Amino acid sequence: MNGSSLIGGKPEDSGAWWRCLLQGGTESRRFLLALLVGVLAVHIGFVAIDPPMASRLVEGCGYYYILGVFVAFLTLGYRLVGERRAVVRGWLRRPGWPGVCILAGSVLLVVSDTFGHKVLFDEYVLQSTADHIHMTKEIGTYYRAFHIEGTFVPIDPFLDKRPYFFAFLVSLLHDLTGFRLANLFALNVAMAPVFLGLAYYFAKSLSDRRGGMLAVALLATLPLLSQNVTGAGMEMHNLTMLALTMCAALLYLRKPDETRLAFLCLSAVLLSQSRYESAIYAVSVIIVILAGWHRARRPLLPWTAIVTPMLFVPYAWHNRVLSANPTLWQLKEGQTSRFSAEYLPGNLDGMWRFFFNFGNGLPNSWYLSILGVVSLVFILVFAWLRARRVPRREANPAYVALAAFGLGVLANLGMLMFYYWARLDDISAVRFSLPSYLMLALCSAVFVWELSKRWSFVWKAAMAGVGVYVLVAAIPMEAKRRYTAENLVAKVVVWEMDVVATMPTKPRLVVANRSTMPWILNRIPSIIFGIGRIYGEKIRYHMEQGTFQEVLVTQTLRPISADGTMGVDAEDVLPPSYHLECVAEKRFGVNICRISRLIKIDPPEPGKDTPK
């Protein structure tokens, strides 16, 4: 259904669903039960269970919780598709130019960047979590693992701070195909056409087919989106879930019924498990639910909606575990809080520099930023003028959903401005802008469509603008990929893996100065440098017993004098009893990364205590 205007529909009849509640009956009882369940969920989530117990519950029961919600979500989705089977089959058989646009946009996103880990070690943590779920069906992340009698066994897993729906989906791929690091990349690539298809559907509902194709073109030429499609992070999944939940809200508002409401509720639950801050969109869903009640002239409360507050309890438990464990916050030096007003000025400056950056050092789209902001101002003014008309008329469902989730995206962005690591001009933080770009693309579709009704050339001009932007900005930006190339840590990890891959296969241990996870995910036992430094006697014992036929050590050399003399970083220095032989070295920036072979460890001096 195409949007006919920003405002349209039946005359307003406010209060009809309220009267149903006041009259008693099934609706009143279900509404009171829903309120009771909500209060109970808050008590269980934030009061009754302490963080240690919450951690154990999430670890032990989290897999079955997310599996149950996901299966119920798919079941309801299949039922909704069945209701529109003829429409879906018709579109799949003859997708037309929109289908070509979505396919071309997906291919462009995949080929515009190289596959690899883009955000420090966050993506390795996600892969470790997915592997642990695959092996144990428990929620956890491992950082130590060893070959024990031919079996690779993770040791001492912990509950990571990241929501685990994305890792759960990757674990399902592992279940089907066996463990492969490529499974995570495959999932992100598969989400590209799904996301663009959802964006097209929603934009078309706001405008028409041309508006939908414009939104797809704007998003497909966004370098940041390409970076995440070819990366190993959870941002593409979160963005897809956001678009899916918005489409679920649209379906519900068009025809409010219990099945569509249940589907929307479960989509909101899964969205909250996609990123930390995505739980904020639960407020957007509540707004949509109330708008649907207004359109139906009665409250709709299927059992799924009644129990939905309880489905948010695991999220509350996980968040409390994070809040109670400052070591998971990863604060920078001198910082004491995750959220503070002192971060606001710098984050606002970073946001401006990112969205309106005209260089090639950041994966932004200044064309989408400018067109989107102008479109947003137009929509706000146009909606305000239409709202003043008398008599008022019910809002178009697509615009209600856009407004509700637009408020959610705005709240999300506003919250991030108080976050310690949310300068959007930081290479590691640019991914936080993706929901905002989705909203700007949707607003652009509305703006261009409204103007095209008066001046037919506007849509062609907007698409021509996309082409000009691609030629003068996107292609040069993606050719240099400075926003990826400057991630030296990722380059170091790739180099280390490549060097070890050329060595003969043998039982080996790596003493890593950065993180053990990249090694363990490649099924190479590893310990962190601090452990390797103090447990020399144990390493020596296993070398003598043949547990490890080779022990490798990674170190970083830095300039230690004005004349450029290089020395081992103070944190990477081993005791004098460790004897090393250099295997490979390579310069990255001003530092040199070195891989050495541990030849031997001298026995401790008689009478000297050794770590136990």
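Leaving aside its neighbours within four places in sequence, which residues is Phe195 in contact with?

1. With contact taken as heavy atoms within 4.5 Å, Phe195 touches Leu219, Leu225, Met236, Leu239, Thr240, Ala243 and Leu438 once neighbours within four places in sequence are set aside. This is a predicted model, in which local features need pLDDT of at least 70, side-chain atom pairs count only at pLDDT 80 or more, and totals for chains, interfaces and linings use all residues. Residues are numbered from 1 along each chain as its sequence is written, and side-chain values use heavy atoms, leaving out hydrogens and water.

2. Phe195 is also among the residues with the most contacts inside the largest nonpolar core, which has 142 residues; such a core is a set of buried Ala, Val, Leu, Ile, Met, Phe, Trp, Tyr and Cys residues joined through side-chain atoms within 4.5 Å. A second, separate core of 24 residues includes Met503, Ala512, Met517 and Phe588.

3. Tyr578 is found in strand β9 (residues 578-588), strands being DSSP runs of E of at least two residues and helices runs of H or I of at least four, numbered from the N terminus. Tyr578 is buried at a relative accessible area of 10%, where buried means under 20%, exposed over 50% and partly exposed in between (1.4 Å probe, protein chains only). The side chain of Tyr578 reaches the backbone oxygen of Gly532 at 2.6 Å, while the backbone oxygen of Arg533 lies 3.2 Å from a polar atom of that side chain.

4. The buried residues of helix α22 (residues 488-501), among them Trp495 and Met497, pack against several elements, including α6 (122-136), β7 (550-559) and β9.

Notes. Polar contact = N/O pair within 3.5 Å; in protein donor to acceptor, adjacent residues only side chain to side chain. Expected span 1.5 Å × (residues − 1).
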